[in-house]
Amino acid sequence: MIRNKFLFPLVIFCLVQISAQTDWVRWEGVNNYLIENNNDIKSNELSSSLNNTRISNISDLLVKFYKITISDFDGDNCRFHPSCSEFFVESTRINSLFTSVLLFFDRLTRDTNIFSSGRYKTINNRFYDPPSDYSYYEKESNQ
Amino acid sequence: MFKIIYCVICSFIILYAQNNSYHSPENIRLFADYLFCQNDYLRAIEEYKRLENSTASDTLIFKIGYSYLQIKQHNYANKYFDMIERSSSLKSLAVNYNSLNFFLIKDFSSLKNNYRLNSDSDLNDSKKLLLVSSILNENIFPSDEQIFLFDDSDRLFVNDLIIKKKYPDYKSPTVAGILSVIPGAGKVYTKNYTDGLTSFLLTGLFTFLAYDNFRNSHHFRGYIFSFAATGFYLGNIYGSIISAYRYNRNYDEKIITETYDYLKQKNYFIKKVNFCE
């Protein structure tokens, strides 16, 4: 009985998702316009696309799941670039998974802090806050 | 008859006009100097280069080097400043501007070499730049005697810079990490007051929610809120450490920016040349 109660809405939900996402391209979240004309940002983002592929694949999957099930309904609301979920994915490419989780929670704290807007560079009304800015600790301890 | 006179006059005018060589070296130089004085350095270089083979002089080579420096083509500027001969009266000025060239591209070993190799010239200006770059980059501080090379106002600035570098207002990442055992205190220590407050509130809120749910036997929700509370708490500790590193880096960057701004205002201690009066 309980199973039937949850199964029907779940099937409907999945069908809606699948039919809506037939091309498997997200409705929103194309960020190229933000980085096209900004070499600083481009180089930062390129430098972050490093190794650690296994971890980043797992986090990519998690974030993809989050984007399809929550973010697309909730909308493109994050006031930062990269958004918090992208921050986490990019962070796993630079740091270990544990560090990335810590940095992600730290980012959520900054996101919640409505008084911190003055200290960020603004691009298209979003605050530029890449994970590479928060990776000194690991870099310095590796040297 | 009138037509013949008219034709002769026209022919004379045309002949006279054609005799006046607009592309003579003297005219090219005058035009190049005009462009130079209008700060149109790129075109001035083109014109000066047309004279390079025929009427090259130290002044002309210096002007080309100076123009390259102004348009930030530092390698070319270096090449032209080096071309000026030792016997020239512009040599010491060229060496000083070459020092500035190296200072601007932050090639401090070449700056030192440039000073060492040309020690026979009058290089007080270069020496001042060298002293400032040593303070900035190597934390090597000048002696009292060397500080007296600077003017009174510059001396105040240099002393201030020395104090900032000797006793930097750094924040210790270890202290920040230890303080953040109390959520947010580490961030307050690194002067991120609002981040500290947010961190305290978020950790407190999720801890309360976890406690409240466990107390009312909502274990699943209790675990979720516990995970969030732990994440925010550990994130706050790690974030505080990173925040201290960021604070220190910003402090260093601020000193460098202030120094470069001051030096720019003072033409990097180098005498201004005025070829346009």
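## Burial and packing

His74(B) is buried, because its relative accessibility is 14%, where buried means under 20% relative accessible area, exposed over 50% and partly exposed in between (1.4 Å probe, protein chains only). The residue belongs to helix α5 (residues 74-83) of chain B; helices (H or I, at least four residues) and strands (E, at least two) are DSSP runs, numbered from the N terminus. Leaving aside residues up to four places away in sequence, His74(B) touches Leu69(B), Asn101(B), Leu104(B) and Ile105(B), a contact being heavy atoms within 4.5 Å.

The model is predicted, and local features need pLDDT of at least 70, side-chain atom pairs count only at pLDDT 80 or more, and totals for chains, interfaces and linings use all residues. Residues are numbered from 1 along each chain as its sequence is written, chains are lettered from A and ligands numbered from 1 in the order in which they are written, and side-chain values use heavy atoms, with hydrogens and water left out.

The largest nonpolar core has 50 residues, of which Phe62(B), Tyr97(B) and Phe103(B) touch the most other members. Such a core is a set of buried Ala, Val, Leu, Ile, Met, Phe, Trp, Tyr and Cys residues joined through side-chain atoms within 4.5 Å. Helix α4 (residues 58-70) of chain B supplies the largest share of this core, seven residues. A second, separate core of 11 residues includes Cys78(A), Leu102(A), Tyr134(A) and Tyr238(B). The contacts of Tyr97(B), not counting residues up to four places away in sequence, include Phe62(B), Tyr66(B), Leu69(B) and Phe81(B).

## Chain A

Chain A contains seven helices and three strands, and its elements follow the order α-α-α-α-β-α-α-β-β-α from the N terminus. Of its 143 residues, 39% are buried. Among contacts in chain A between residues at least 6 apart in sequence, 71% join residues at least 24 apart. The chain exposes about 8900 Å², of which carbon and sulfur atoms supply 61%; accessible areas come from the Shrake-Rupley method with a 1.4 Å probe, and for residues only the protein chains shown count as cover.

Helix α5 (residues 84-94) of chain A is mostly covered, with nine of its 11 residues buried. Among them are Phe87(A), Phe88(A) and Val89(A), as well as Glu86(A) and Glu90(A).

A nonpolar surface patch of about 560 Å² is formed by Leu7(A), Leu10(A), Val11(A), Phe13(A), Leu15(A) and Phe73(A). Patches are made of residues with over 30% relative accessible area and no salt bridge, with like charges joined within 9 Å and nonpolar side chains (Val, Leu, Ile, Met, Phe, Trp, Tyr) within 5 Å. Helix α1 (residues 2-20) of chain A contributes the largest share, five residues. Leu10(A), in helix α1 of chain A, is partly exposed at 48% relative accessibility.

## Salt bridges

The whole structure holds 19 salt bridges over all chains, each a side-chain nitrogen of Lys or Arg within 4 Å of a carboxyl oxygen of Asp or Glu.

| Pair | Closest N to O distance |
|---|---|
| Lys187(B) and Asp106(A) | 2.5 Å |

Arg107(A) is buried, with a relative accessible area of 0%, and Asp129(A) is buried at 1%. The pair of Arg246(B) and Asp133(A) also crosses between chains, from helix α14 of chain B to the loop between β3 and α7 of chain A. Asp106(A), Arg107(A), Arg110(A), Asp129(A) and Lys187(B) are linked in a network of salt bridges.

## Cysteines

One disulfide is found over all chains, the criterion being a pair of cysteine sulfur atoms within 2.5 Å. Cys37(B) is joined to Cys276(B), with S to S at 2.2 Å, and the link is left-handed, with -100° about the S-S bond. The two cysteines are 239 residues apart, Cys37(B) being in helix α2 (residues 25-37) of chain B and Cys276(B) in the segment after α14 (219-265) of chain B. Cys37(B) is partly exposed at 32% relative accessible area, and Cys276(B) is partly exposed at 37%. Cys84(A) is in no disulfide, the nearest cysteine sulfur being that of Cys78(A), 3.7 Å away. Cys84(A) is buried, at 8% relative accessibility.
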